[in-house]
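Here's a quick briefing to read with the structure open beside you. Take it one topic at a time and find each spot as you go.

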Amino acid sequence: MPPIALEEKTSLRKALLARRRTLPESVRAQWDGAIAERLLAWCEQHQVTTLGVYWPLHGEPDLHDAYAQLAGRGVALLLPVVLEKQAPLGFTAWTPGEAMIKDKMGVAVPEQLRLQPAPGHLLLPCLGFNRQRYRLGYGGGYYDRTLAQLPRPRTVGVAYDCLAVDFACGPYDIALDHMVTEGDLA
């Protein structure tokens, strides 16, 4: 089957979001545990000291248990924040369990923002992805603009294996360095 064309990405996003939402909670919890184990091993292997993480939205893999373990190991965690539209993401220090509020876009952020430089390692939730490690997100371009900055962080895409799909890449798309799923992808 040929790759899905760029103009068809809107319908692809809807289909992948629907697919992810139909996964039973028990299956997602099991897969989240497998993803967390792989992420923890990757962080140890790469001696990660600062990691940009994400707050799960719309059925994205929930890695809060892994985040707590990483914080317990002394890894500094940063959450992305939208500081202005059409701009790269900012990052704020975050400790699991601290008070959170919703930003203007409905995303949880720490009640007290403590802006930090971009992390050296960054997790990116993927609505979909292809085997060349290109990510399909929600279409806002925030991560694309963030990755276009230098120095570019080492990137780890996070998704469920069932969201792998063949699609054409656009001029602003940037391949991720690594993918973590519940399966055997690398």
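Which element gives the most to the lining of the largest pocket? That's α4, with four residues. Keep in mind that you're looking at a predicted model.

**The largest pocket**
- The largest pocket holds about 870 Å³ of space.
- It is lined by 35 residues, and the closest to its centre are Tyr-138, Gly-139, Gly-140, Gly-141 and Tyr-142.

**The cavity**
- Search the whole structure for cavities of 30 Å³ or more and you'll find one.
- The largest cavity has a volume of about 60 Å³.
- Its lining is made up of Leu-124, Tyr-134, Arg-135, Tyr-143, Asp-144, Leu-147, Asp-173, Ile-174 and Leu-176.
- Here α4 turns up again, giving the largest share of the cavity's lining with three residues.
- Six of the residues lining the cavity are nonpolar, none are polar and three are charged.

**Helix α2**
- Helix α2 covers residues 25-45, which makes 21 residues.
- From first C-alpha to last, α2 reaches 30 Å, close to the 30 Å expected at 1.5 Å a residue.
- Buried residues in α2 are Arg-28, Asp-32, Ile-35, Ala-36, Leu-39, Leu-40, Trp-42 and Cys-43.
- Look down the axis of α2 and its buried residues fall within an arc of 160°, so they line one face of the helix.
- Over on the other side of α2, you'll find Ser-26, Gln-30, Glu-37, Glu-44 and Gln-45 exposed.
- What do the buried residues of α2 pack against? Their partners are α1, β1 (50-52), α3 (64-72), β7 (121-125), β10 (154-158) and β11 (178-180).
- Just after α2 comes Gln-47, which takes a positive phi of about 50°.

**Zooming in on Arg-28**
- Arg-28 sits in helix α2.
- Why does Arg-28 count as buried? Its relative accessibility is 15%, and buried means under 20%.
- Leaving out residues up to four places away in sequence, Arg-28 touches Arg-20, Arg-21, Leu-23, Gly-59 and Tyr-160.

Terms used:
Residues are numbered from 1 along each chain as its sequence is written. This is a predicted model: local features need pLDDT of at least 70, side-chain atom pairs count only at pLDDT 80 or more; totals for chains, interfaces and linings use all residues. Side-chain values use heavy atoms; hydrogens and water are left out. On a 1 Å grid over the protein atoms alone, a cavity is a set of points where a 1.4 Å probe fits but cannot get out, and a pocket is an open set with protein on both sides within 12 Å along at least five of seven lines; lining residues have an atom within 4 Å of a point. Grid points are joined across faces, edges and corners, and a volume is the space filled by probe spheres set on the points. Helices (H or I, at least four residues) and strands (E, at least two) are DSSP runs, numbered from the N terminus. The expected span of a helix is 1.5 Å times one less than its number of residues. Buried means under 20% relative accessible area, exposed over 50%, partly exposed in between (1.4 Å probe, protein chains only). The arc is that of the directions from the helix axis to the C-beta atoms. Contact means heavy atoms within 4.5 Å. Ala, Val, Leu, Ile, Met, Phe, Trp, Tyr, Cys and Pro count as nonpolar, Asp, Glu, Lys and Arg as charged, and the others, Gly among them, as polar.
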